[in-house]
Amino acid sequence: MLGGAGVLLGVAAAPAQAAEVSYATDCVPPPVSGLPTVKGTTKVEITAPATAKVGDEVEVVWKFTQAASKNPDLIDLPANSVQPSGTLKAAGAQAASIAMQGPRENPAIPKGGAMVLSDMKGKLKLTTAGEVTLTPDAYAINVMSTDTKCTPTETVKPAATIKVTAGEGTPPPDPTDPPDPTSPPPTSGEPTPTESETGGSDTGGTTGGGGETDFTGKEVKIPYACKTPIGDKNATSPVQINAKKDGGSYALTVQFKGSVMDSPADIPADSVKPSMEVVLGGADKGTVHVEGPTNPEAIKSGDPMVISDMTGTYKPGADGESTLSPGVLTVKALGTTTTCTPEKSEVSLTLDTSAQPGGAAGGSGSAGGTGTSGSGDSGGGLADTGADDSGGLRALGFVAGTAILLGGAVFTFMPGRRASRRAR
């Protein structure tokens, strides 16, 4: 009986293995933070099956036992605000880049505290018999829509090895054989981007026609160059323009997408008001003025920042396909003004328009009856529209003159004199 049990144990699948590696790492904070590159040591534990067979899809776990960087001495990070992602390299019998990602789960992390990162997971489809090694590579730490990117600065040793055998009745593939035209192409383990990651359709937005009344634009990534009371700053924000047809005109809503951070200081009610000049293109020319309401209530330090939508009316001045793109953004707060000009503008929405009396065509009249005069370029000298996909919301904050990433607005707080500014 004992001998039989030994035979059974001998053929059972080997348990998962876990091994830790340590490697020197450079972590680069987001450019808008103004923080220097952090040089540290990453310690990672990789867990994977010890054995498997061709055709299996195995799950691999990446556990951070030590991140290379700490939370800077700027702000306390709230719970569940940090999400890691990275790449695990497969080599040996099979080469692949395995996309790894962890949930946005973490305890509250104080200023200067150790960065606590959740376990990342990924899957690998095994295609070739032999030994497959798994080695940690670069990773990113996402905090409120801003990324700190960490890259190895030395050769990293493999952290785990999977012994892959040919499946029952399946001989190992001969590398000299030509590829099977009926087989699907090999996968690297990279996840297919979702619509929120790619910014939706790349057709330039929804076309208005066929009796529709509601039109949803594409979320586009707009890099802004902002002039603030304490200097020039850059911020990249995903923006979406939606429209609702009302007779011959369109009610526009401009939304800034992305995570919004807790306020770093007390902000009075009715102190921050954003506005924008939406740029027209295609058949129509000019700009449409949209604006949002001021914050109706005071925002206490530590409370979530709530960003209101900006609205306005677009009265077409031409027949044909007209495009709408985010333009110059202006934020007025406590007697100060911040102006953000797109370094590149992209089409968010395309509409089939019919000219209306007093409309915007030609670039010599006001757009939508509420806009400023303008040409195909806005008064801020915007570039022609493009079609790149969207990305994560970026914003800036300053507490006592120190840059802080806010992921939703541009705020300025100076010692002895407080000004609040929001640039969405």
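Lysine 273 has a relative accessibility of 31% and so counts as partly exposed. In this predicted model, lysine 273 forms a salt bridge with glutamate 291, and their closest N and O atoms are 3.6 Å apart. Glutamate 291 belongs to strand S16 (residues 286-291) and lysine 273 to strand S15 (residues 272-282), so the pair ties together parts that are 18 residues apart in sequence. Glutamate 291 is also partly exposed, at 36% relative accessibility.

The count of salt bridges comes to seven. Another one of them joins aspartate 76 to lysine 111, with 3.7 Å between the closest N and O atoms. Here the partners lie in loops: aspartate 76 in the loop between strand S4 (57-66) and strand S5 (82-92), lysine 111 in the loop between strand S6 (96-101) and strand S7 (120-125). The pair therefore ties together parts that are 35 residues apart in sequence. Aspartate 76 is partly exposed at 45%, and lysine 111 is partly exposed at 43%.

A further salt bridge links aspartate 56 with lysine 53, the closest N and O atoms being 3.4 Å apart. Aspartate 56 has a relative accessibility of 23%, which places it in the partly exposed class. Lysine 53, at 39%, is partly exposed as well.

The mean pLDDT is 73, and 66% of the residues reach 70 or more. Over residues 1-13 pLDDT stays under 50, and the model has zero contacts there beyond four places in sequence. Residues 362-424 also stay under 50, but for them the model has 223 such contacts. Where pLDDT is low, the predicted coordinates should not be read in detail.

Technical notes:
Residues are numbered from 1 along each chain as its sequence is written. This is a predicted model: local features need pLDDT of at least 70, side-chain atom pairs count only at pLDDT 80 or more; totals for chains, interfaces and linings use all residues. Side-chain values use heavy atoms; hydrogens and water are left out. pLDDT is the predictor's confidence in each residue, from 0 to 100. Contact means heavy atoms within 4.5 Å. A salt bridge is a side-chain nitrogen of Lys or Arg within 4 Å of a carboxyl oxygen of Asp or Glu. Buried means under 20% relative accessible area, exposed over 50%, partly exposed in between (1.4 Å probe, protein chains only). Helices (H or I, at least four residues) and strands (E, at least two) are DSSP runs, numbered from the N terminus.
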